[in-house]
Each structure stands twice: as C-alpha cells, then as structure tokens.
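Here is a short briefing for a first look. Start with the sequence and the structure.

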Amino acid sequence: MSNEVESAQVSDAMEVAQLSSLAAVDSHAGSCEAEMPSRLLNDAVRSLPYHVVKDLLSIGVCSRCVLRILGTEDHIYCHSSFSQSMLCSVLEEVTGFKSECDFQFCSVCLGVLQLSYRDDKETLVKMESPNDMALVIAELVKKEGHQIDGFSLEVSIPQFILENESSLLSGMKKRYESEPWLQERLLSKCVSVKDVLKFAITKPLETLLDTKASASSFRIRLAYTHKMAFGNSVERNQGFKRRKIGTENGLQNVNDESVVANKDCSDYPTNETIAVTGRSSLKVPIDKVSEPCHLVYLCYRTHIYLCGRYLKYSRNVSQTRWIIDEERMGEASVEEIIGSNILPMCRGDNYKFHAAGREDIDVRMLGSGRPFLLEIQNARQVPSEETVKEIESKINGLENKLVGVKNLQVVGSQGWTLMREGEAEKQKQYCALVWISRPLEDEDVCSISLLNDMQILQKTPIRVLHRRSPLERKKIIYWMKIERIAESSQYFLLHLCTQAGTYIKEFVHGDFGRTQPSIGSILGCRAEILQLDVTDVKMDSF
Amino acid sequence: MSDVRVDHTQKLEETAVPNNLEQQDKQDEEQPQQSVQENAEYEDEELHKLLVPDITQLPLIPPSAVEFNFASYFAPDFMKPGNDQYVYRHANGLCVVGLASTHLAFKDKGGITAVDFNVGKSDRSGMKVTGKRKKNAQHFESNTALCKVCTNGDSYIVRCCVKGSLLEVNERLIKQPELLHSSADREGYIAIIMPKPADWLKVKASLLSLEEFKKLRALC
C-alpha cells in the first residue's frame, strides 16, 4: 500500500520536473505532438509487464529498446526532450529495478538507440537527446555549404544488431509464451532500430535545416559499424550453432567460442537453468557490450546532370583529356573547358563528361553540335535556370573561342536514356575537303549525287587497328553532294550523311583499299582528305 | 590528313567563330515564330562560311594519306638481290609491307600473273585474327615468307621484313594481282604486321629511309 503511494508521489514529482522541461519543449518550434508527452510516457510505462522490463534491463537491454520491443508507440519515447537518463529512471522507478553502476551499451542495439557511439576520431560520444545528434548533422551540412530544399535520411547498422534482436525475441516468446500481454505486444513486429532512430532525429533535423524530409537527391547517412572488443561472455549456450564470421565488417568476436545467432538458436538449454528458476532464462548472444558502434556521419548530394550540345571550333582540341607520357595532346579538351566552367557554379567535388559519340582532335564539330551529359558529383548547390544560362553565355564568350555550348540545362537521370536513344539509327552529317588526282568533271558531281543509301564495307582502319578488333563493318552512306570550289579543279567540298560509326577519312582515301567502295574507287582516281567537319549529329531528344 | 599529329593545314583555314553568335541568341528571343526559318537560313550561311576554305592557302598537290601518317622505310635486296620491299610504319606501331617500285618482279615482261599466299607451313590468307589483343595471330620472323609473286617467267618470295604478329594479308591480290602494277604502294600492299616495340627498334637499324633508298637506287 505504502509502496503505491510512494511511487505515486515520486511519479508526481517526476511529472513536475517534466512539465518544466515541457515548457522548453513547447518553445521548440515545430514539435506538434500530444500536449503532455511526459504523461503519455508515464502511462505507457505503467502499462508494461514489469517483470519483463526487469528481465530485459537485467540482461543489458537499454530503455529505448525495452520500450520498443514491448510495442510502445515510438512517438512516445522518441520525443526529443526525453534524455537517456530520463527514460532510464522512469523505467527503473516504475519497476523498482536498479541497473548496475557502470554504464553499459545495450546488448541489442549496441548503443545506437542510446545515442552513444565512437566518432571518426575514436572519441566516445554519449548524447543525451536526439536533438543533439540532429545538431551535429546540421553543423556538418552547414560546414559543407550545402544548399538544400529537402533531405533524405538513411541509417545503416550492422547486421549483427538484427540478429541479436531476432534471437532475443525468440527467447522471449518461449519464456513468456503463456502470458496474456504476449499476444498484443510481442507477436506483432516491433519497430526496427533504424526506424526508431530515423523517427527520433527527423523532426529536430527538419527544424534545424528548415526543410522537410522527402525523397531528395540530398542524402544524410548515418553509417554504424561495429568493431571488435566484445566483453567476455560468461555463458555460452550449447544450443547455439557455432559459426565464425569473416573479419571484413569488424563483426568478429575475439573469443573463438563466440557464437553468432542464427535462425536455429531458439533452442535454449533448459536443463541447467530450469532447476534454478523454474523456466528458461533469457539470453542474448552477447552480454556486457563494452564497445559501442562506430558512427560516421555522411551528407552528400547524389549526381546531378547537365545536358546540352557542344561545338568544337578548333582543330587542336580533343574531346576528352588526352595525355600521353605526361604530355598533353592538343591545347585543350572539350571536357575540361565545359567541366571546369560548370563545376564551380555547382560547387561540386568532381565531374564526369559523357558525349554521344566523338570526333577526332583535328575534326571540328559544327552546326547543331554534339549532345553531351555532364555528371556532377556531390554538388553543394543545384544551379538555377538563370545560372545555367549565365554559364552558357560565359563558355560561348570565352576569348579563345575553342568550344561552344547550346541548350545547356539541368536534367534528371533520364538524361542517360535520352543519350542512348536511337544510337544505332543515328545519322551524322559531314563536310570534307577532298583532293583528287585529276580534274573534277561535271559527270563526277552528277554521279556522286545519284548515289543514295549506298552500302560500303570497311575493314578496321589501320590507324585504330592496334586497339580494335579486326572486323569488317557494313555501313550506309545515305547521300552525298559535291560542292565545287571556285578556282580549283581538283579540290572540292564533299557533303555527306552517313550511318553512325562510319570512318569518313577512310571512305575518302580508301585506307589501302580496305574500305570498299571509296571516293577514289568511285571516281577512278586517287583521293585524299585534307579537312573534316561534322556538321550535324541528328538526335531529336536533345 | 593527319591521323594523330596536329593537322598542319590548320593554319590554312580560318577558324574564326562568327562573332554574332551571341547576337543570334538575342534574335531568337525577340523575333516571332515566322522568322525561325530565317534564323535557320542564317545559321546555315554562317556554317557555310566556316566550311569553305581559302584556296590560296592550299598546296597544289597535298601530301597523301600514306605520306602524312606513315614513316617510310625500305629494305633493298632483302634476302635476295632485287628483292626491294617497303615498310610503312604508322605512329601506332603497325607496319604495312609491300613491294617497292624497284622490285625485280616489275621488270619482268608480261607482268605479274598471280599472287599465292600458300607458302611456308600454312596458307597466310586463311588465318583469322580476332579480338583487341589479337592473340591468335601468328608470330613471324623477318625472313618468314608471306607470299609468292609469280610472273610469266619467274616467281619471287615476299617476306615479312619485320618480326612480329601477322594481322592481315591483302587477299584482294589473289583475284586482282594487277593491283601490284597499278599501286603497289597502296591498294597493292602485301600484309600488315604488328611488331613489338623492341623488335621494331632492332629491325629499324637495318632499314633505309626514303632519302637513302632513293640515293641507293639512283631515283630522282
């Protein structure tokens, strides 16, 4: 009787204490939970089966895990105002159980839900409230200078925690199988450690970052791993299957006798303990966890893409960075000119350049331009439409006028499909400056223009044969047109439209007769190519 | 036109970009729909200006693709007097071998009648090299026979001249041996060989440059 009064008084006092902290909670903008979180907590705790709580606490399960496993609604114990110590004392108060003096990490969640971990400097961190963790994250986001309009929170934890939990649950089901509360609380799936942590951190994070959690390209990731150094396990159940784990994840146990829970481990040896307690005792695979998990906070943006078409006005600029023996070929590259102008505007870490095909260093890319995709890694800022237009003007206004850009815009991941679309059917248009070994006749101009959809056979050109398979490729020349050059009888411009993958230079000079037919063979003389320009890359979607 | 090196004709042509590229963009914004066609025509014109070369800057006879992209070497009297062969080496290391114009076979009246690749242990025209690594290519020494060139009165063995992997033989010569007469230095090539860098350096020492060869054979 007096006990009850006592506990009522104590809990009243606690309520008072919590009411004042509640005031602090109220001023915390954005927390629109139930008016009396502390009351809800107390009610919830009182409704728990006390002996179970005692049992769990005695094998080193932390307060949040106790509440979680016994099916308490997460919003009750995840409130940002509830500190570790508060939750612990509420449970202890109600159940009359005193935990050991030395602080231990939870045998189920390994400290994750106790907001305890080792950081990247190996310092032990024990946070009191989810707010504190949210603060660390917000600081990191600010330090990196990310501009965000949303975030996606991810948590990854060692597999071991799930295995721990699963073995504990099976043990509990066995031990308490006849009890009434089991049906309601335990047999429904309990909320996972990950979800609880995410839930606890999300609201305060939304407030601090002034934005909502959503499916966003900006990712915040809490990566927990567990290294070695488990405490000495006092008892080992013979019922467990023994299995050694690899050392990769650090989930290894120093003791050779260590065991990993697996699905067969619900066989608790009842022999030795039954005599003492009358029923099987509760076990977790690892008790006395002396080391918490290692936590790494990561925040990054997934790739963003910019697409457009580029033009290359120079015959001394390669498409991508080309370096042989530490010497650069050509004076610049399209990739670097475009990438170096866009990357700083996105404040990204790195860029990757992808283009729909390519042209030789000495071939200009004119006309409509060639479609390209620029991938920016971990952009701190997604450029606005205006900024993108500015970038385009800037590149087009560069003094050396080596490269130009058209239709620059930010695009989603569908940019890839746009690039690959119709790759095989892609037609390209060229203009070649050709010289032949005899004067050009009107008949030549005529006969060339009559050749439509002409099939040619090209053996792998000698200039690329060292790194390509020796093959014979069928290609189609869709149409050709000769444009005479005034004051020259042997030079002319050849306009032609061909299938993607056709080697134009070899089509003109014949490549030792390995491309058949060639301009030379068609006109019955020797033909040479002096210059080549790409005048159109036909692609609708870009 | 150069495959690898900077195009020397670059300086022949104006690479000036139309300065009105930016003005063009403004035009696009301001003007209404019907001048889209005008714009397209304007762009075509500008493009055309870039394409047309300055004829005064072009040489009368430009260097051929072979001259520009290959380094020419010669092996006079290879293994036998009169057996003059050429080795054209591309910057990527591949060598095209064939009969030099001074080869004895060309002096034969009646001309070349047949080319037979079935010499040595195998028919060279039958082999198939596949893949980027060209693993199943046969490795030949510089004196390995490639083919037999037959004239009315005589036959001549053509050899590799370069130690390396045989990538390809010119099968067209089987049906069209006259290619050797019309252009032995192009369509009439004999084979393509890929030497290892070390092997090339060794054989290079024994080959003559075009200048040296011309002097030797007293060609103009």
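Predicted model: local features only at pLDDT ≥ 70, side-chain atom pairs only at ≥ 80, totals over all residues.

Residues are numbered from 1 along each chain as its sequence is written, chains are lettered from A in the order in which they are written, and side-chain values use heavy atoms, without hydrogens and water.

**The interface**
- Chain B brings 51 residues to the contact and chain A brings 49 residues (heavy atoms within 4.5 Å).
- About 4400 Å² is buried between the two chains, and carbon and sulfur atoms give 62% of that area (accessible area lost on being put together, 1.4 Å probe, summed over both).
- B:M1, B:L51 and B:R186 supply 15% of what chain B buries against chain A, more than any other three residues.

**Bonds across it**
- The rule finds three salt bridges (a Lys or Arg side-chain nitrogen within 4 Å of an Asp or Glu carboxyl oxygen).
- One salt bridge links A:E528 and B:R186, with the closest N and O atoms 2.8 Å apart.

**Helix α6 of chain A**
- This helix covers residues 84–95 (helices are DSSP runs of H or I, at least four residues).
- Its twelve residues reach 17 Å from first C-alpha to last, close to the 16 Å expected (1.5 Å times one less than the number of residues).
- Buried residues in α6(A) include A:L87, A:V90, A:L91 and A:V94 (under 20% relative accessible area, 1.4 Å probe, protein chains only).
- Just after α6(A), A:G96 has a positive phi of about 70°.

How values were computed:
Helix = DSSP H or I, 4+ residues; strand = E, 2+ residues; numbered from the N terminus. Buried < 20%, exposed > 50% of the residue type's maximum accessible area, 1.4 Å probe, protein only.
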